[in-house]
Amino acid sequence: DNIKRLKKKKKTFPTVWDETHFGKMGSYYINRTFFFDVHPPLGKMLIGLAGYLSGYDGTFPFQKPGDRYEQHNYVGMRGFCAFLGSCLVPFAYLTVLELSKSLPAALLTAFILIFDTGCITLSQYILLDPILMFFLMGAVLSMVKCNSCADRPFSASWWFWLSLTGVSLAGAMGVKFVGLFVVLLVGLNTIYDLWDLLGNLSLSLVTFGKHLLARVLCLIVLPLALYMAMFAVHFAVLNRSGPGDGFFSSAFQSQLIGNNLHNVSVPEHLAYGSVVTMKNLRMAGGYLHSHWHLYPEGIGARQQQVTAYLHKDLNNLWIIKKHDSDTDLSDPSNAVEFVKHGDIIRLEHKETSRNLHSHQHEAPLTRKHFQVTGYGINGTGDSNDFWRIEVVGRKSGDLIKVLRSQVRLTHVATGCILGSSGKTLPKWGWEQVEVTCTPYLKETPNSLWNFEDHINPKLPNISLDVLKPSFAEILLESHMVMIRVGSLISHPFQHSCLHQWLLNFVDLLMGKLSRVVLRAGGQITLGWLLHYLPFFMMGRVLYFHHYFPAMLFSSMLTGITWDALLKFCAGFLSPSTTARKVYGGGFLALILLILYSFYLFHPLSYGMIGPMASNPSSPMAGLRWMDSWEF
């Protein structure tokens, strides 16, 4: 009975925080379902692999924090992250030992990380942070080890550590773009080493060239090759249509099994009389759409609404017509005439027979943009229905390809450009996305479109496989999407400010003494600065877990500088026994302080009982030292 109760209890553990994101993404890999995330794929792939190898079947929905795992086998994914998180301690220990040659400094660093409640918390859940920090610290340790082999260049150990540095850099970059900071750290260290070698007059230029080539191969070529290989595996595994399709281009979507564009045959080039859909290239920009509903009174001209709609719909269909002719181009007796870059066209809405139209009435939501409407009867309107179609990077007379050509529509009468603002219309607009005509000619994804569906019975169809984007194009597109969407991230929960990250008073105090440890402290201080200062330039929302890579360097700096400070103080004492007592007492005092801090705050990592800390009766209430803290 006790065993049964224990098993039942084991099944009740809930999902925590961002496990709902990264656990779900691990499931997507197991199910081969395409998704989108603002981070590179390695971390999620490793989580999915850990789950697969440990018997997880990818069926848990990961809908919201607090959902219980029940019978689902999540232990392998959490255990994998916990293992990588535990590796931070020996990595930091070995790094400090190599830099300072001081066993007490290395042990103190390890002690700090072992009893850090933040590291314990981050490492016990399905998150990217322990994976990122594993590769980051692996790169730093490998770099330091390689530096220690400087007196025996091109030896087996030298090549091993140099290559492992490159592998670790690829790993850090492959988990999060924050890995760029450790790339910069290794890069600056490499530049310093090469400059030092260049100034060595006993070294021939041939030997210097070998050093340069070795670093290019191991620290540039190898990481880039591994980084691109990660994405190749990512796209090969995720070959089924999923929730991430809409963030990518139509050409990319056509390669996903289950997508409505997969294995479809359409005419390759646009012609007059073709029935098409137009997709905006902005993230979640939607399809050019119209319906019978009019703009309400007081919202520009009371004409038919034109919006952007995120789903497939018959109201997304438009007919391409000549601006100055009503010839029935669907008549088989009429010759096919292709649409060319620079042509002036009309777009007639198939369901309502009204033309795409703009004028100098203000748009519903976006000030100083013009309203876009549907106007006319049975295709008959006025000169405000004329649009010049232009293909990005093409010249006059070039044909327009379905899916691949990126086009802009310039309103002939006003010179404005058709675009999707990304703003959601009120209920009168069915909460669809606003379409405007912007007089500002800056080229952005908001003002670019591509043709997705294409119907013309007079033209031969081709398989969309002919238009398949290359791996280089997919790789570039994925990075553009990650960067663009990542900069827009917001979150409903409270976030942190950069100054709040600096409340680790002991580490800061030690950081001021880094000058006494010369290059060892200098390298670690540089690592801390490179992982902290760039966040001042980031426009996205920030949280405390973003500081943890910098905190690793801060912890190592504490070990090095505390050791140096105590040695400096002990040096003024003449009896060796007194000096040893001061040195040992100083270490013991800091260790006891760390242990007491861990004792106070360990419930944050291992589970709290009772009411929330904001309640005066909570056992955690006395530990809420600042109003900004939330337990």
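Q: Helices (H or I, at least four residues) and strands (E, at least two) are DSSP runs, numbered from the N terminus; in which helix is the place of Leu99?
A: A word on the source: this is a predicted model, where local features need pLDDT of at least 70, side-chain atom pairs count only at pLDDT 80 or more, and totals for chains, interfaces and linings use all residues. Numbering starts from 1 along each chain as its sequence is written, and side-chain values use heavy atoms, leaving out hydrogens and water. With that settled, look at residues 88–100, where Leu99 belongs to helix 5.

Q: Is Leu99 buried or exposed?
A: Buried means under 20% relative accessible area, exposed over 50%, and partly exposed in between (1.4 Å probe, protein chains only). Leu99 has a relative accessible area of 19%, so this residue is buried.

Q: What distance separates the C-alpha atoms of Leu99 and Leu141?
A: Along the chain, these two leucines are 42 residues apart.

Q: Are helix 6 and helix 17 roughly parallel or roughly antiparallel?
A: Axes are lines fitted to C-alpha atoms, for helices over the stretch in contact, and angles run from 0 to 180 degrees between N-to-C directions. Helix 6 (residues 103–114) packs with helix 17 (residues 576–601) at about 10°, and their axes are 10 Å apart. Angles under 35 degrees count as roughly parallel, over 145 as roughly antiparallel, 65 to 115 as roughly perpendicular and the rest as oblique. The angle therefore makes helix 6, relative to helix 17, roughly parallel.

Q: How many nonpolar residues does the contact of helix 6 with helix 17 have?
A: Contact means heavy atoms within 4.5 Å, and the residues making it include Leu108 and Phe111 of helix 6 and Phe587 and Ile591 of helix 17. Ala, Val, Leu, Ile, Met, Phe, Trp, Tyr, Cys and Pro count as nonpolar, Asp, Glu, Lys and Arg as charged, and the others, Gly among them, as polar. The contact has no polar and no charged residues, while its nonpolar residues number 11.

Q: How many of the residues of strand 2 are buried?
A: Strand 2 covers residues 275–280 and is largely enclosed by the rest of the structure. Val275, Thr277 and Lys279 point one way, and Val276, Met278 and Asn280 the other way.

Q: Which residue of strand 13 stands opposite Asn280?
A: Two strands pair if DSSP finds at least two bridges between them. Strand 2 pairs with strand 13 (residues 449–455) in the antiparallel sense over 5 bridges. There, Asn280 stands opposite Trp449.

Q: What is the relative accessible area of Ser420?
A: Ser420 is found in strand 11 (residues 417–424). Leaving aside neighbours within four places in sequence, Ser420 is in contact with residues including Asn280 and Trp449. Ser420 is buried, with a relative accessible area of 2%.

Q: What is the phi of Phe62?
A: Most residues other than glycine have a negative phi. Phe62 lies in the loop between helix 3 (42–53) and helix 4 (75–86). Although Phe62 is not a glycine, its phi is positive, at about 50°.
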